[in-house]
Structures are given as structure tokens and as C-alpha cells.
Amino acid sequence: MGPSYVAAGNDQFDNLEKHTQWGIDILEKYIKFVKERTEIELSYAKQLRNLAKKYQPKKNSKEEEEYRYTACKAFLSTLNEMNDYAGQHEVISENMTSHITVELARYVQELKQERKSYFHEGRKAQQHIEICWKQLESSKRRFERDCKEADRAQQYFEKMDADINVTKADVEKARQQAQVRHQMAEDSRADYSSILQKFNREQHEYYHTHIPNIFQKIQEMEERRIVRIGESMKTYAEVDRQVIPIIGKCLDEIVKAAESIDQKNDSQLVIEAYKSGFEPPGDVEFEDYTQPMKRTVSDNSLSNSRGEGKAELKFGGKSKGKLWPFIKKNKGATPEDFSNLPPEQRRKKLQQKVDELNKEIQKEMDQRDAITKMKDVYLKNPQMGDPASLDHKLTEVSQNIEKLRLEAQKFEAWLAEVEGRLPARGDQARRQSGLYDAQDPATVPNCAQDRESPDGSYTEEQSQESEVKVLAADFDDEFDDEEPLPAIGTCKALYTFEGQNEGTISVVEGETLYVIEEDKGDGWTRIRRSEEEEGYVPTSYVEVYLDKNAKGAKTYI
């Protein structure tokens, strides 16, 4: 049998409480260590992926021509293997998170509850023995007091009995009083003796049963904690060990790619790329200046070869990059009306909040329109669904719109108050609320123009955001003909659909078409029949088969 915490002494309850708390702190420190290691692994993997992506050849550029050479192909293989290498570090992070940090965090919570229950039980036992001790002390003092009172009463009786001047009635009264006091002392003595025996039993039970049992449970809890942290350290090593074979394969592939480099083949590619096809020039004849000059020039002279022997190599030009503006979004202030800010900054914050609410309102309205369209589809085709099932959702969206409008009006009122204190800004556009049903979202006036930032510089955050949307739309329209959306899968028409509205396309039951855009949550899927014919159909009318390898494709279970 191993050592026991009871041997430490029953008076070490507080020290054991501190020690077990220290043990939990050590466990939490180890959890934090592993968590930071997982973050490092993720960061390292991300940096490796970014590094590999950075050096990947750009499409339609001169770099693609360079990757004809075996050395460049080997470098490209190295970049691809680095992606797999980075993936293994992500695996390390995921496994350490799931097998160590998550499990240990759950165990720590259970350990805290178990520790709390043991020490609560110990405190309760301590309180009980303290109460018993107080009862013993109280009965002891009462017994002592009653004995003294009995002695005084006896002495008083004897004094009265010896005094010849005291009446017989007074002597009898003193005798009775002495007897009463003597009986009270006897009762207190019996009570004190009973309580003393009870306390001794409780004390023996406390020191030989309750506390040893509690200490034994605490010891077992601590030993389980120590074993658990040791197992976690083994898991920590095994997680690393498990990816070593795969990392070794990645390194083997890099070595294999390096060994595939063929200098002769690369030299031949250079020769084929730059060879001129001209014959070497002939010998230069001696020019004798003592006689009339007899100089002949060879047809394949050096000058001709120099002028005509230039090989031209044409490579694809650089693709034009896309530059998109980035919009900073400042963090909101703590007060709802931003009253802690200077007027100009407060106005900007309120304006930003109003614009955010307007966007949310527009989003809810778009959702309402989508539900309305779906309800119309159900009305025309009852077999697809019950139109009444959408009424609750429509009501909920309408209520959300109303709440957002009230919120927007509140912030607009604050904004109007602030702008009333600021200098006039000419014909500045004012906010308009409640016009979303009658206006197109693009025509809602933007009140964030002609604002100044808190540091006094000119900014057009909201106007830039609108401009980004317009530029993005123009950019897409400009390249629609040149770069049509790629197919991300196929679909089969389950029912015949007559696409009578603008943007829709008619399909016949059983027809197979290409899917170019998934359902975004509005109940419509974008499909293509040919390069010139595409449009939207209700998602419930078709059965979609997405290509898992297609960019942007999602997997549905």
C-alpha cells in the first residue's frame, strides 16, 4: 500500500486545498501551452501555403514559358509538396486541439467540481465537530456554574441554621433552596457527561473515519490528475510522430523531383529557343592595299549574320491586375448615441450606423421578396409545397423590417440633432427613411459624402462602398462575353418550367443542363443550356449534381 495523505496530518486541510488548486493551475498551464503550440502550427502552415502560392507561376505570363525546363518543373513540384507539408502541420494542430486541449479542458471542469465537493464535505465535517465542541464547552460552563451556585446555597443554609436569631421558617427555606441548587448541579453534571461522551465519539469519528476518507478521495483525485497530464504528454508526442511518415514522403518527392532535373534536356531547350539557323561566316580575306582593293563579301558574312541572326521569342504579356479599394470600418463607441465623441466624430458614427441599418433593412426586404417569389411558385404548383407555410416567415421578416426602421429613425433623430449644432454644409443630402418599398436600393441617397474624418482629412467611406459595387458590376458586365461563368455541375429537370419572367429560362421535364450558380437561399438556381442561353429556374424544379472539384462547389448531405 502506497503513502497516504492522512499521514500528512489531519491539521493540514488548508495546505491540501492549496496544493490541489496548484495542481489544477499546472494542468491549465499545460493546456495553454498546447493551445499556443497549435496556433503556431496553424500560423506556420499558413505561411508555408502563402509562400508556395507566392512563387507559383502566374498564368499567361513569361514564367509559364520558363517552366518547360526540368529545373523549374522540379521547383514547381517542390512548391506543391510544400502545400502538402503545410497540411500536415494543420493536422498536428487539429489533433492536438481535439485530443489534448478539448479533452483536458473538459477534464479540468470535472476536476474542479470533484475537488469542490470533497472540500465542501471536509468543511462540513469541520463545522460539525466545532459545533459539538461548542456544545461541550457550554455544558461544561453550565455545570461549573451550577456547582458554584449549589456550594453557595449550602453555605448559606449552614449559616442560617447556625444563627439562633433566624426563624425556623427562614432556615427551612434556605435548606430547600440548597437542595434545589444541588439537584440542578447534578442535572448539569449528567448533561455535561452525556455531551462529553458524545463529543468524544464524534471526535474519534472525525479524525479516524471522516477526514481519512476525504483525504483518501483527494489523494486519488490528485493521482488521476497526474496520470492524465502524463498521458496528454504522450499524446503530444504521438501526434507529431504520426505525421512524420507523410512529411517524409513529401521530402522524398522533393528529392525525386530534384533527381529528375536533366541539364542536357534544359540545354537542348535553350538551343532550340535561341538557335539562328544561319551558317557560320567564312574566312575574312586578306586585303592587300598595295594593289587595287579586291574585297569580296561572302553571302554568309559576319555582318549579315549579325543583322539577320536574331531569334525572336514572344511570350505572353502580363495579365492586367485588378485594383479594388479597401474600406476601413471603425469600431463603434460604447454609448448607443455616441454622445462621448466630439460632434463631428459623433455625426460620422451616427451616419455610419444609419447606413448599416439601411443595409440590413434592404437585406430583409430582399429576403421578403425571395419568400414572396417562392410563395407564388407554390401557389402555381401546389405539389411543390404549401403556400401557407411561408406566411409565418413573411410575418417575421416584416416585423424585423419594422424594428429596423424604428431603430434607423432613432439614430436619424440623433443625427439630425447633431447636424443642427454643426455649421451648415450647403445642399448636403439628408437621410430618407421609409422609402425602400418605392425606391431601388441603388437610388437611396448616400449621406456619407462630403464628410470629414475625425482627424480632419476628407473621406468618402460610404460613397466609396457604393462606388465599389458599381465598379464591380461594370467589371462583371465588361467581361461577361469574354469570360462566361464556368459550369460547376449539371442538373436534370424534374418538371417542365415556363420561364416567362425576365432572367428565367424555360426547361422541359427530363432535360439535362449545366449549373453555373448555386441556390443562394432565394429558391432559384442559375443554369445554362448553351453559350447564348442561360437563366434562373426554381431550385425545387431540378435535381442538381455538383462537381466537387469545381471552384465554389459545395457538398450537400
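Me: What makes the length of helix α5 (residues 263-274) agree with that of a helix?

Reply: Helix α5 has 12 residues, and at 1.5 Å a residue these should span 16 Å. The expected span is 1.5 Å times one less than the number of residues. The end C-alpha atoms of α5 are 17 Å apart, so the two values agree. As for the label, helices (H or I, at least four residues) and strands (E, at least two) are DSSP runs, numbered from the N terminus.

Me: Before we go on, what kind of model is this?

Reply: It's a predicted model, where local features need pLDDT of at least 70 and side-chain atom pairs count only at pLDDT 80 or more, while totals for chains, interfaces and linings use all residues. Residues are numbered from 1 along each chain as its sequence is written, and side-chain values use heavy atoms, leaving out hydrogens and water.

Me: How do you know which side of α5 is the buried one?

Reply: Asp 266, Leu 269 and Ala 273 are buried in α5. They cover an arc of only 55° around the axis, so they sit on the same side of α5. That arc is taken from the directions from the helix axis to the C-beta atoms. An α-helix has 3.6 residues a turn, so residues three or four places apart point the same way. The buried residues of α5 pack against α3 (70-162), and the face turned away from them carries the exposed residues Gln 263 and Lys 264.

Me: Why is Ser 93 called buried?

Reply: Ser 93 has a relative accessible area of 3%, and buried means under 20%, with exposed over 50% and partly exposed in between (1.4 Å probe, protein chains only). Therefore Ser 93 counts as buried. Ser 93 is found in helix α3. Leaving aside residues up to four places away in sequence, Ser 93 touches Thr 38, Glu 41 and Leu 42, where contact means heavy atoms within 4.5 Å.

Me: And what label does Cys 72 get, and why?

Reply: Cys 72 comes out at 23% relative accessibility, so the label is partly exposed. Cys 147, at 26%, is therefore partly exposed too.

Me: How many disulfides does the model have?

Reply: The count comes to 0, a disulfide being a pair of cysteine sulfur atoms within 2.5 Å.

Me: What makes β3 and β7 a pair?

Reply: 5 bridges join β3 (residues 489-493) to β7, running antiparallel, and two strands pair if DSSP finds at least two bridges between them. Lys 492 stands opposite Glu 543 in β7, and Cys 491 stands opposite Val 544 there. On to β4: 4 bridges join β3 to it, again antiparallel, with Cys 491 opposite Leu 513.

Me: Which residues of β3 are covered, and which uncovered?

Reply: Gly 489, Cys 491 and Ala 493 make up the covered face, whereas Thr 490 and Lys 492 make up the uncovered one. In a regular strand the side chains alternate between the two faces of the sheet.

Me: What is the strand order in the open sheet?

Reply: The 5 strands run β6-β5-β4-β3-β7, with antiparallel pairing. β6 (533-538) and β7 (542-546) are the edge strands, each pairing on one side only.

Me: Why is Ile 516 called buried?

Reply: Ile 516 has a relative accessible area of 6%, so the buried label applies. Ile 516 lies in strand β4 (residues 512-517). Its C-alpha atom is separated by 5.4 Å from that of Ile 527, 11 residues apart along the chain. The residues Ile 516 touches include Leu 485, Ile 527 and Glu 534.
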